[in-house]
Amino acid sequence: MAIKCTVTTDLQAKDTNGYSGIQKHVEHDQNINHSNKDIVFNETQFNVYDESTTTRQAIDDWNEQHFHDYVEQHDQHQREKGHAERQFGSVKNYLKNKKKATAVLTIGNMEVQSQLMKQFCPKDSYQEEKLPDGTTHLVFKLKDENNKPIQNNIAVAKQFYGCFNRALIKATNNNIGWPANKVHQQRINVGDYLHRGRYATNNDEMGISHIHFEVATFGMTRGGKKRAAHVTNSLNQALVSLHQAVTGKTASGRAALKWYRANLDQFALKCLEQELHKTYQVPKNKKILDFERKTKEDKTIQTGLSMEQLKAQHQEIADHQKKVQNLQDQAKTLNNQNNDMQAQVKTVTKNLKDIYEATTGRQAVDKDGNDLSPLEMAKGITRANRAAQDDKEKAEQAKATADQERQKAEQQKAQQEQQLATQRQQLKVLQDQLDEANNQLKRRKQQRIKNAQKEIAQNKLTNGNNQPINVTEDNVAQIEQEIDNWRQDQQAEWTQDKIDAQNELEQINQQLLKAHSTKANLESTNQELTRQNTQLQQSQQLMKNNINGYKNQLVDTITEHDPNHKVEQQLLKPNEVPEAVITTNGRQQHLRQPLKYLIDVTTQVLQKIKTTATNFINQVTKSLLPPVNPKKPIQLQSSYVDFSKIQASLHKPNAQKEIQLMNDPIIKLKRALLSATTDQLQKTKEQTQKSLKQQVDDEWER
């Protein structure tokens, strides 16, 4: 039974580099880091290359023959018009910035190659090689266990790949074509329009033997009213010209490409069939290969898969198996998460209750003695925090109001001075905006025309009469609509291919419905628990952040006024040594303590500071006042008092207030300063300086 086999021809003209741009890709140098990881470098020796100087010169001569007259006429016309700078000067310069065509011809795929190897090669001459996606492919066993060449197997491989090399080279020869007939009076060769130059056969990829080759192109434009038909190196027009020369009929570029591929594909398979018959002496009446074209309608035909397509097919199956396993793992994980979530809810509720009682000072129960809900506890914590924040905001708001009133007066003055200038500037801006809007409309229309022309050129689009499309300001909207329609047609083809692929997965998706149903129920339960947990976590985090902020403020106060303070040993962890709050460990020890402990410590520190300050003031006051001696009158030094200016107080007498003021250390200090003598002031100054110096020395030593 003949092996079903497809043939693929890929013609393209992507850039100006042409074959030179893919030369390193096809040479398969083992010292170069190739993006293609499926190269079997042991089999690179069976590749055939033709990049000789003779072949390069033949291409140059062919281009010179077909484009010389056109370049001469063009340059002469430019000189007559006075535009000598627009001349090409030579055929090479004319083609320099033109897109160059390349092609790839592939016969069959790696499954076809494996079947042929089993049919014509000894069983011990090849072995299975595992591909990255897990599948296997037959490759020739060219070295033994000691890494020495196996000459018999090398000969078998050379004979096998020789069939492919000769068939690929023969199928792309420039002299293949159509004999004279009623339509054309002389023979027409493919090389007259699509001329093969340099080429390289690749037999060392884990796919199938194929040939990369350079294509020099020649064709004629259709011509029109404004411009006569002329020669061109456009791949599209070369295909159209070849089709018209052979069939006598005019066709679009797409139809001409389809016709060319249909003819070349069948001829290439015929060449390989002949080489296999001749090399392995197969009877003529026995058919080895049967041409098969994979279609969208017949999905059972799996021949013609490229290496990439087959990898994608295996990868798709592996991905599906992973998805099924992932769904099973997810279901198990969701059950475990559900159990963990219930335990976490209990823990979060208990923590929230502790925070509520620490913040509000009340038990987390309502008036009937029932436990508060997490939401009610969170609200209570928020209200307690907000009350403390409101006092701070009121003071800041009062200061901000005064600043705003002052700034408002200054701004009003500045606004009055700038108002007239602003109105003039606005008028100028409006005029500039109007001019800019008009310019933008013009530029936008020119850009639309440019974009439309660029897309027409890139996709080689023509009108209904296969004439070039000229975009103007009058028809740009119509052209854009026609381009959109063309895009929709392209999208429709792609969508159909996508639908076909999706239908293949429909049965697999049905098997997942049960798993999805179970997953949906678990996800619903998980989402509800997640929502409740999120609310609790947000409330807990808010309270935690506020408490941490208060703790840091209190620890900063303790650090500033009592840097050597240490937490009591009984409040620390076992075997933990108390350290001063000024150290990193000491600060962390303080931050771990309850908020009430830090408040008490801060109060003690501040009270200690107040006591120290009061003692210092009393000491200064005592040094300023003279010693009490009832026998000697006190000599007071006071300024002259004008009794005529003394007025009665508007406030009612308050003995308690007067006693409080008399005992106030600050008032006593003021009285002592007013009544002190010069000697007393000097002595007090010296004592104060000495005391301050001693305090600084103590702080430095500490």
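Which helix holds both Asp432 and Lys428, and how many residues apart are they? Both lie in helix 9 (residues 374–459), 4 residues apart, or about one turn of the helix; helices (H or I, at least four residues) and strands (E, at least two) are DSSP runs, numbered from the N terminus. This is a predicted model, in which local features need pLDDT of at least 70 and side-chain atom pairs count only at pLDDT 80 or more, while totals for chains, interfaces and linings use all residues. Residues are numbered from 1 along each chain as its sequence is written, and side-chain values use heavy atoms, with hydrogens and water left out.

**Salt bridges**

- The structure holds 11 salt bridges, each a side-chain nitrogen of Lys or Arg within 4 Å of a carboxyl oxygen of Asp or Glu.
- Asp432 and Lys428 form one of them, at 3.2 Å from N to O.
- Glu214 pairs with Arg198 in a salt bridge, with the closest N and O atoms 3.0 Å apart.
- This pair links distant parts of the chain, Glu214 in strand 10 (residues 210–217) and Arg198 in strand 9 (residues 194–202), 16 residues apart.
- Both Glu214 and Arg198 are buried; buried means under 20% relative accessible area, exposed over 50%, and partly exposed in between (1.4 Å probe, protein chains only).

**Cysteines**

- The structure holds 0 disulfides, a disulfide being a pair of cysteine sulfur atoms within 2.5 Å.
- Cys121 is in no disulfide, and the nearest cysteine sulfur, that of Cys163, is 8.9 Å away.
- Cys121 counts as buried because its relative accessibility is 7%, and Cys163 counts as buried at 0%.
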